[in-house]
Amino acid sequence: MSPERFDIYDDQQHWIGTAPRSEVHAKGYWHRSFHCWIVRDEGEQRQVLFQRRRDVKDTFPGCYDITAAGHLTAGEQLQDASRELEEELGVDVSFNALTYLFTATQQLQGEVRGVPFVDREFSAVYGLCLNQPIEAYVLQPSEVDSLYEVPLDDLLALFRCEIDVIQATGVQTQPSSDHAAYQPERIVREIRATEFVPHGTAYYTDVLEALYHVPKD
């Protein structure tokens, strides 16, 4: 199986070629990604969903992150990248159902299992209001450890440093066998801002403020 390849760009978003995923992260090439944050309305209160990344991920393993996100592979357009919703969460929606929020320019770096990485992305950020219970999502075992929801007000207060911790309710990835018989059990976690992927405080506050304006389902 050939390695996954990404289109790569200069810092002005001009296309300069393609490269394997491992090389893109090793050398810090600019590439494109898709972010989608899902919200759910419960009475007058809007909930926001986020995932915990699997511990085997090559960047920021075990961190809390965007509801669904992914890189654009070589030749893909944003309309194609919305496949991440179905792959990671089992959500089949039209790209036209998503609300564009903004495009973020991010430079992240770290080290995983002794291997350093530099992740430079142009990230198109979208929102989606989907009023289904958290148990209805089908999580991708290779990517998503668990999925959580919390009042949008609370998560915004966390990133504004108005509170130190939030209490989130979630469900974990289904076992690999006997999916039909599996009944997800709710779990509760106390979560701090430092446990999220370090996209930056401005990224999180900008996203969360914009999510109040995503049209109702």
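Of the 217 residues in the protein chain, 50% count as buried. Buried means under 20% relative accessible area; exposed means over 50%, and partly exposed lies in between (1.4 Å probe, protein chains only). This is a predicted model, in which local features need pLDDT of at least 70 and side-chain atom pairs count only at pLDDT 80 or more, while totals for chains, interfaces and linings use all residues. Residues are numbered from 1 along each chain as its sequence is written, and side-chain values use heavy atoms, with hydrogens and water left out.

**The whole chain**

The protein chain has 5 helices and 11 strands. Helices (H or I, at least four residues) and strands (E, at least two) are DSSP runs, numbered from the N terminus. The radius of gyration is 17 Å, close to the 17 Å that the globule rule gives for 217 residues, so the chain is as compact as a globular protein of that length. The radius is taken over C-alpha atoms, and the rule is 2.2 Å times the number of residues to the power 0.38. The C-alpha trace spans about 50 × 40 × 35 Å along its principal axes.

Contact means heavy atoms within 4.5 Å. Among contacts between residues at least 6 apart in sequence, 65% join residues at least 24 apart.

**A buried histidine**

H25 sits in helix α1 (residues 21–27). Its relative accessible area is 4%, so H25 is buried. Neighbours within four places in sequence aside, H25 is in contact with H31, D58, T59, H71, F117, V118 and D119.

**Aromatic pairs**

A pair of aromatic rings is described by the distance of the centres and the angle of the planes. Rings of Phe, Tyr and Trp (its six-membered ring) pair if their centres lie within 6.5 Å; planes under 30 degrees apart count as stacked, over 60 as edge-to-face and the rest as tilted. The whole structure holds 16 aromatic pairs. Two of them involve Y126.

| Pair | Centre to centre | Angle of planes | Type |
|---|---|---|---|
| F34 and Y126 | 5.7 Å | 35° | tilted |
| Y100 and Y126 | 5.5 Å | 70° | edge-to-face |

F34 lies in strand β3 (residues 30–42) and Y126 in strand β8 (residues 115–129), 92 residues apart. Y100 lies in strand β7 (residues 99–112), so its pair with Y126 ties together parts that are 26 residues apart in sequence.

Y126 has 7% relative accessibility. Y100 is partly exposed, at 46%.

Ring pairs also link W37, F50, Y64, F102, Y148, F159, F196, Y203 and Y204 into a cluster.
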